[in-house]
Amino acid sequence: MTRPQLAAINMEKPQAAANPLSPLLHLGRRARAAKTLAELGFTLVNETLQLLPFRQAAFWHKGLQALSGVPLLEANAPMAQWLNQLCQHLIHQPQAEVSQLSAAQCEAPWASEWYHWLPEFLLILPLGPDAVLVLAREQAFSPQELLVAKELQDIYQHAVLALAQERKVFSLAPWLKRYRYWAIAAIAVCVFPVRMSVLAPAEVVPRNPFVVRAPLEGVVDNLSVVPNQNVAAGDELLSLDTTLLASQKDLAEQAFKTAQAEYRQAAQQAVTDDKGKLAMALKKGELEERSLEVRYSQEQLARVSIKAERAGVAVFSDVNDWQGKALAQGERIMLIADPADIELKIDLPATDSIPLKPGASISLYPNAGPLSTHSAELVTQAYQAEVTPQGVLAYRIKARFTGETPSLGQQGTAKIYGERVPLIYYLLRKPFTAARQTLGF
């Protein structure tokens with residue numbers, strides 16, 4: 001054998017001896033090159049397969065971070081939740097060395113679901129106080145593989161601790177230590193209690209008004225009152241057109257007279273003819289029917305004049321809105337309200353709703369008097385929100401005045417006070433609500 005051939009053989013022997021270490025060196029370089037714990041976890045659960053064969057692997061660091069063969073971990077998946085609980089249990093065990101665990105050795109409650117998620121044997125590599133790597137497969141791990149796992153544990157643990165230490169570099173502890181007095185002052189301001197409050201449109205309305213409704217179908221002929229006019233009980237408010245009712249009354253009276261004549265004729269025939277007695281009974285029934293029609297038409301004609309049943313103020317928008325308008329029976333026309341018996345009606349938008357209790361304080365700032373304020377307290381709040389005429393979903397709130405009362409019909413802005421909350425909650429309540437509705441967390 002020639003000298004070059006001997007040299008070639010001598011060169012091949014070190015390379016062959018170095019080949020079994022190449023996966024270990026490669027995994028060490030990959031672990032040191034990782035920039036984040038997420039990148040390190042992906043390397044641990046996927047590339048460790050080059051040195052230690054396994055079927056499944058999971059990396060846990062204060063929570064399940066990575067799972068083999070899964071590009072995006074779903075934390076709410078049943079397997080992920082079970083593995084998270086198992087790793088959390090393993091991390092609190094006193095054993096800090098590489099160990100092997102089988103399904104038969106596992107404690108309850110994880111033993112009952114072991115075969116649903118993992119094969120028979122599990123290799124545990126503790127990587128610090130808050131991290132662990134587990135490898136699972138059907139066959140037990142040999143003593144040689146446990147030695148290799150021990151070397152991997154040292155490499156991986158160094159990488160995990162280094163990345164965890166880098167996270168602490170960006171903690172707020174140094175900043176808080178330097179500006180601790182400012183931090184204490186900021187925290188004190190954030191937790192300073194303030195009263196929750198919300199603004200909503202409000203209107204002064206009558207509390208127990210009398211509703212004037214159309215007693216029958218017809219057309220408004222004349223309004224005898226104007227908006228906000230004082231009326232007494234018995235005063236005429238409006239009258240309906242009598243043309244159709246008068247015609248119906250005349251027809252009913254004419255039919256009644258005809259029925260009277262037919263009844264008298266049948267009565268005369270009944271004196272001499274037995275068959276006339278039967279005809280007289282029929283005519284008497286028709287006469288009574290016509291009499292009822294006449295009485296009904298007279299009553300309807302008497303109801304065309306609508307009068308106030310009690311004293312108060314006529315509350316409606318405009319005379320021209322009702323003049324000549326066709327009314328349906330029962331249609332609301334106006335209110336008769338007592339100016340001294342009033343309350344505050346508030347439409348609280350559903351988006352601004354806050355927890356309220358009966359007796360909550362309310363301040364009214366009327367539009368007509370920007371410098372005046374009226375105090376009130378909450379009486380009732382609607383259970384369900386309704387759409388207002390302005391197209392806003394709002395809760396109807398009723399309140400009674402506790403001091404000087406404004407005039408009926410005034411509108412303005414009501415400030416409703418709730419419970420006391422920290423200032424930071426008061427300031428961030430709406431942004432946080434909007435964020436939750438948009439992002440869904």
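**Close-up views of a predicted model**

**View 1. Q81 in helix 4.** Q81 is located in helix 4; helices (H or I, at least four residues) and strands (E, at least two) are DSSP runs, numbered from the N terminus. This is a predicted model, in which local features need pLDDT of at least 70 and side-chain atom pairs count only at pLDDT 80 or more, while totals for chains, interfaces and linings use all residues. Residues are numbered from 1 along each chain as its sequence is written, and side-chain values use heavy atoms, with hydrogens and water left out. Q81 counts as partly exposed because its relative accessibility is 39% (buried means under 20% relative accessible area, exposed over 50%, partly exposed in between; 1.4 Å probe, protein chains only). Between Q81 and A34 there are 47 residues in sequence and 26 Å in space, C-alpha to C-alpha.

**View 2. The aromatic pair W82 and W114.** The count of aromatic pairs is 1, where rings of Phe, Tyr and Trp (its six-membered ring) pair if their centres lie within 6.5 Å, and planes under 30 degrees apart count as stacked, over 60 as edge-to-face and the rest as tilted. The ring centres of W82 and W114 are 6.3 Å apart and the planes are at 90 degrees, so this pair is edge-to-face. Distant parts of the chain are linked here: W82 belongs to helix 4 (residues 78–91) and W114 to helix 5 (residues 114–117), 32 residues apart. Both W82 and W114 are buried.

**View 3. R137 over the ring of F141.** R137 lies over the face of F141, 4.0 Å from the ring centre. A charge sits over a ring if NZ of Lys or CZ of Arg is within 6 Å of the ring centre and within 35 degrees of the ring normal.

View 4. Strand 8 (residues 218–223) is joined to strand 13 (residues 326–327) by 2 bridges in the antiparallel sense. In this pairing G218 is opposite L327, and V219 is opposite A326. Strand 8 also runs antiparallel to strand 10 (residues 236–240), with 3 bridges, and L223 faces L238 there.

**View 5. The largest pocket.** This pocket holds about 460 Å³ of space. On a 1 Å grid over the protein atoms alone, a pocket is an open set of points where a 1.4 Å probe fits, with protein on both sides within 12 Å along at least five of seven lines; lining residues have an atom within 4 Å of a point. Grid points are joined across faces, edges and corners, and a volume is the space filled by probe spheres set on the points. Of its 21 lining residues, V205, P206, V315, R332 and L335 lie nearest the centre. Strand 6 (193–206), strand 14 (332–337) and strand 15 (342–349) each give at least two residues to the lining.

**View 6. The second largest pocket.** About 390 Å³ of space lies in this pocket. It is lined by 16 residues, with K345, D347, T388, P389 and Q390 closest to its centre. At least two lining residues come from each of strand 6, strand 15, strand 18 (386–387) and strand 19 (393–401).

Methods
Two strands pair if DSSP finds at least two bridges between them.
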